[in-house]
Amino acid sequence: MNASAALRSRLRARIAQTGPITFRDWMDAALYDERGGYYARPDLARWGRTGDYRTSPECSPLFAATCAHYFAQLYTELGTPERWTIIEAGAGNGRFAAGVLDTFAHEHPALLRATQYVIDERSADAQARARELLDAHVERVDYASLFELSGPVRGGLIFANELLDALPVHRVVQRGGQLRELCVGLDGAGKFIWVECAPGTPRLAEHFARLHVTLAEGQAAEVNLAAADWITQAAHALARGFIMLIDYGAEATALYDVRQRPDGTLRAFQQHQLSADVLARPGEQDLTTTVNWTQIKQAAAAAGLRTVLHVRQDEFLLRAGLLEQLERMSARLPDEAACIALRLSAREMLLPGGMSQSFQVLVLEK
């Protein structure tokens with residue numbers, strides 16, 4: 001029995017024994033189960049053109065290099081301390097970290113000497129790939145959970161690219177004027193199905209009350225309690241510095257607009273294609289939801305963080321100097337073919353309708 005089949009078997013046994021489980025628990029197992037979860041499996045090609053999705057670091061080396069120059073600005077705002085820490089949460093295979101540290105080495109050698117880079121990655125498979133990719137910077141890189149550090153980071157940056165959208169979410173539906181939670185059960189053939197349950201936590205109703213949102217009758221939606229909790233914990237882990245988040249999201253008024261999203265934003269991807277059934281094949285397909293920026297900024301303010309910047313990713317990259325970085329990197333390339341490839345990747349980052357128009361950058365300060 002392969003890993004995904006074993007995971008399906010364990011989930012069926014759990015539901016058969018205890019009854020329907022919250023989608024939050026089902027999604028957590030589907031993505032992060034240590035033996036069969038999507039992000040834990042070493043046999044899956046998750047990244048790049050041959051995988052299920054591409055992130056900005058895979059699309060162009062300019063993404064990490066441009067972010068590195070923005071990091072240098074933040075370092076200056078902190079007073080250029082002798083030591084500072086960058087913690088990348090959900091660091092994946094380490095490609096972004098490698099791009100940042102390589103850029104520091106080429107263009108900010110003093111900053112590289114001051115930098116300790118912490119890879120916070122839950123997946124053992126992804127962490128192993130990162131260790132291999134970051135071997136050239138081994139003296140600058142540690143591997144640890146942000147929330148297991150020995151003390152608050154005094155002068156640093158917590159960075160996360162496409163982390164919040166992959167956190168397990170609760171699903172709800174408005175039925176008969178009441179909020180119901182969408183759980184996962186089994187039909188007679190053992191297929192995973194949606195089952196309406198009483199809300200498993202009062203935090204679901206509190207979430208909508210805080211946002212002054214009432215769902216329409218029959219409207220389904222997601223509640224990412226884990227994202228708000230992560231922001232709160234990250235703020236506590238940082239004594240002084242910045243938190244920078246990049247993800248695709250919307251404000252609550254748009255996110256819960258029944259005319260735009262009557263069934264919420266939950267979706268599954270496999271080989272760059274939307275999957276028709278999000279409950280099919282747990283452990284084999286990526287699951288994701290759109291980030292609620294209103295919720296995140298509320299949680300950040302409550303945790304003592306100030307919003308410094310919140311803009312679309314393409315606007316951020318232009319502000320941070322992507323075009324200037326394109327010229328610097330082109331000058332180091334060995335031939336015209338490599339320069340053309342880099343310029344094409346820059347266009348992918350900036351062209352109307354490209355992925356950068358779907359993402360936003362939120363920078364918070366403490």
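**Inside the largest cavity**

Modeller: Happy to! The lining of the largest cavity is made up of Val 169, Glu 222, Val 223, Asn 224, Leu 255, Tyr 256, Thr 265, Thr 289, Thr 290, Val 291, Asn 292 and Gln 295. Before going on, note that this is a predicted model, where local features need pLDDT of at least 70 and side-chain atom pairs count only at pLDDT 80 or more, while totals for chains, interfaces and linings use all residues. Residues are numbered from 1 along each chain as its sequence is written, and side-chain values use heavy atoms, leaving out hydrogens and water.

A cavity here is a set of points, on a 1 Å grid over the protein atoms alone, where a 1.4 Å probe fits but cannot get out; a lining residue has an atom within 4 Å of a point. Grid points are joined across faces, edges and corners, and the volume is the space filled by probe spheres set on them. By this rule there is one cavity of 30 Å³ or more, and the largest cavity holds about 60 Å³ of space. Strand E9 (220-223) and strand E15 (291-292) each give at least two residues to its lining. Strands (E, at least two residues) and helices (H or I, at least four) are DSSP runs, numbered from the N terminus.

Now to Pro 262, which sits in the loop between helix H10 (252-255) and E12. Pro 262 touches Gly 218, Gln 219 and Ala 220, leaving aside residues up to four places away in sequence; touching means heavy atoms within 4.5 Å. Although Pro 262 and Ala 221 are 41 residues apart in sequence, they are 7.7 Å apart in space, C-alpha to C-alpha. Pro 262 is partly exposed because its relative accessibility is 36%; buried means under 20% relative accessible area, exposed over 50%, and partly exposed in between (1.4 Å probe, protein chains only).

One of the pairings is between Gln 270 and its bridge partner in E13, Gln 273. These strands belong to an open sheet of three strands in the order E13-E12-E14, paired antiparallel, where pairing requires that DSSP finds at least two bridges between two strands. Strand E13 (273-274) and strand E14 (286-288) are at the edges with a single partner strand each, so one side of each has no neighbour in the sheet.

A nonpolar core is a set of buried Ala, Val, Leu, Ile, Met, Phe, Trp, Tyr and Cys residues joined through side-chain atoms within 4.5 Å. The largest has 51 residues, of which Phe 71, Met 244 and Phe 316 touch the most other members. Helix H4 (residues 61-77) gives this core its largest share, eleven residues. Another core of 29 residues lies apart from it, including Ile 87, Ala 228, Ile 231 and Trp 293.

Note on methods
1 Å grid on protein atoms, 1.4 Å probe; cavity = no way out; pocket = protein on both sides within 12 Å on 5 of 7 lines; lining within 4 Å.
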